[in-house]
Amino acid sequence: MAPTNESGTFDLDGELTVNRLGFGAMRLCGEDIIGPPEDEQSAKEVVQQAVDLGVDFIDTADSYGPGVSERLLRDAVDTSEITVATKAGLLRNSDGEWLNHADPDYIRNQVLVSRDRLGVDSIDLYQLHSPDPDTPFEDSVTAFAELKDEGFIDHIGLSNVSVDQLEAAKEHVEIATVQNQYNVLNRDHEDVLEACEKYGIGFMPYFPIAAGSISGIDAIQEVADAHEASVYQIALAWLLEHSDVTLPIPGTASLEHLKENVAASSISLSNEEYSQLVGIASTSQ
Ligand SMILES: NC(=O)c1ccc[n+]([C@@H]2O[C@H](COP(=O)([O-])OP(=O)(O)OC[C@H]3O[C@@H](n4cnc5c(N)ncnc54)[C@H](OP(=O)(O)O)[C@@H]3O)[C@@H](O)[C@H]2O)c1
């Protein structure tokens, strides 16, 4: 039987309800997140299958491809029927560099580009991809706030920020989500997650299964064996269990991995299993 998304729901800004287990669309692109994938049809089928399995929250960015991930989403599904979170603030070049670019003029340009590429009147969740050292953080945030006032975007998110930056942004505008690197092995941003819990903000842990490299760790394997599950499923189940505000967005270009990841939403860890995994971050790094 096909899995269904049983991750429970979260209300972005208290008003836009999404299933907590989402999908990350970065890996739909070609090698190194540059250009299209070899098989576009297959990439689109992964997105369609995700939605069929109950995923209604998909993360992307203008810089994935660049443009390719957003285009594939629009080609694959009715983007107005799901919640799409996209981002601006980084450039991707053909040398594989991610370059900061979050000045207000660029952000204002990109929102129009993403809106057109996604085929929506307003973007559900628009995220500052990363603070830009060459642009005052508050200027970038103010650009997002203005775009919300002007009706181009519905909700605002931040990515790759500290607690201080989150709190500074909150002085200007309501923040719906924060997206930082986080998984069962790398909990460097625990303080940011805790701040999100305090303020009722969604926390999107990117790299939630450490790009498929969570393996060979006895504590995770033991729990996986007990559930006849994969270690990746246990890593996702742990993220969902760890906090009510986590919104994991595992990415894959594989239908098989997609089904496996969605099925993780029905795994319930015992208190003992959860505690066993809480301790491994410090011992595995
Ligand atoms: N804000 C940021 O700066 C930032 C940075 C990075 C990522 N992100 C977002 O976060 C999302 C997820 O991050 P991520 O893709 O870097 O990391 P991830 O979800 O932890 O890992 C994805 C990788 O793991 C593999 N994988 C997926 N499911 C698997 C499974 N069940 N078993 C074995 N391997 C599996 C995938 O390969 P296959 O295709 O072979 O399955 C893919 O290469 C991205 O799509 C993007 O939307 C944001």
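Thr9 stands opposite Asn19 in strand S2, and this pair belongs to the antiparallel pairing of strand S1 (residues 9-12) with strand S2 (residues 16-19), which are joined by four bridges. Strands pair here if DSSP finds at least two bridges between them; helices (H or I, at least four residues) and strands (E, at least two) are DSSP runs, numbered from the N terminus. S1 and S2 form a hairpin with three residues between them, and Asp13 in the turn has a positive phi of about 55 degrees.

The model is a predicted one, in which local features need pLDDT of at least 70 and side-chain atom pairs count only at pLDDT 80 or more, while totals for chains, interfaces and linings use all residues. Residues are numbered from 1 along each chain as its sequence is written.

**The chain as a whole**

The secondary structure of the chain comes to eleven helices and eleven strands. The C-alpha trace spans about 55 × 40 × 40 Å along its principal axes. The radius of gyration of the chain is 18 Å, which agrees with the value near 19 Å that a compact globule of 285 residues would have; this radius is taken over C-alpha atoms, and the globule rule is 2.2 Å times the number of residues to the power 0.38. Buried residues make up 47% of the 285 residues, where a residue is buried if 20 or more other C-beta atoms lie within 10 Å of its own, exposed if 12 or fewer, and partly exposed in between, with C-beta atoms placed from the backbone. Of the contacts between residues at least 6 apart in sequence, 73% join residues at least 24 apart, a contact being two residues whose C-beta atoms, placed from the backbone, lie within 7 Å.

For "domain: NADP-dependent oxidoreductase", an unreviewed UniProt entry lists residues 20-280; the position is given in the numbering used here, the feature name is shortened, and such annotations may be inferred rather than shown by experiment. The end C-alpha atoms of residues 20-280 lie 24 Å apart, and the span is 41% helix and 15% strand.

**The parallel sheet**

Seven strands form an open sheet with parallel pairing, in the order S3-S4-S5-S8-S9-S10-S11. S3 and S11 stand at the edges, each with a single partner strand, so one side of each is left without a neighbour in the sheet.

| Strand pair | Bridges | Sense |
|---|---|---|
| S3 and S4 (residues 57-59) | two bridges | parallel |
| S5 and S8 | four bridges | parallel |
| S8 and S9 (residues 153-159) | five bridges | parallel |

Within these pairings, the bridge partner of Gly24 in S4 is Asp59, Ala88 stands opposite Leu128 in S8, and Ile123 of S8 stands opposite Ile153 in S9. Strand S8 (residues 123-128) is mostly covered, with six of its six residues buried.

Helix H2 (residues 68-76) has as its buried residues Val68, Ser69, Glu70, Leu72, Leu73 and Ala76. These buried residues of H2 pack against H1, S4, strand S5 (83-88) and helix H3 (104-118).

**Loop residues**

Asp32 is found in the loop between strand S3 (23-24) and helix H1 (40-52), and its phi is near 60 degrees, a positive value in a residue other than glycine. Asp32 counts as exposed because 10 other C-beta atoms lie within 10 Å.

The loop between S11 and H7 holds Phe207, whose phi is near 65 degrees, again a positive value in a residue other than glycine. Phe207 has 18 C-beta neighbours inside 10 Å and therefore counts as partly exposed. Gly216 is found in the loop between strand S11 (202-206) and helix H7 (218-227), and Gly216 is exposed, with 9 other C-beta atoms within 10 Å. The C-alpha atoms of Gly216 and Val231, 15 residues apart along the chain, are separated by 9.0 Å.

**Around the ligand**

Of the 27 residues around the ligand, Gly24, Met26, Tyr206, Gly212 and Gly251 come nearest; a residue is near a molecule if its C-beta atom, placed from the backbone, lies within 6 Å of it. Helix H9 (residues 255-263) gives the most to this shell, with three residues. By class, the shell has twelve nonpolar, twelve polar and three charged residues, where Ala, Val, Leu, Ile, Met, Phe, Trp, Tyr, Cys and Pro count as nonpolar, Asp, Glu, Lys and Arg as charged, and the others, Gly among them, as polar.
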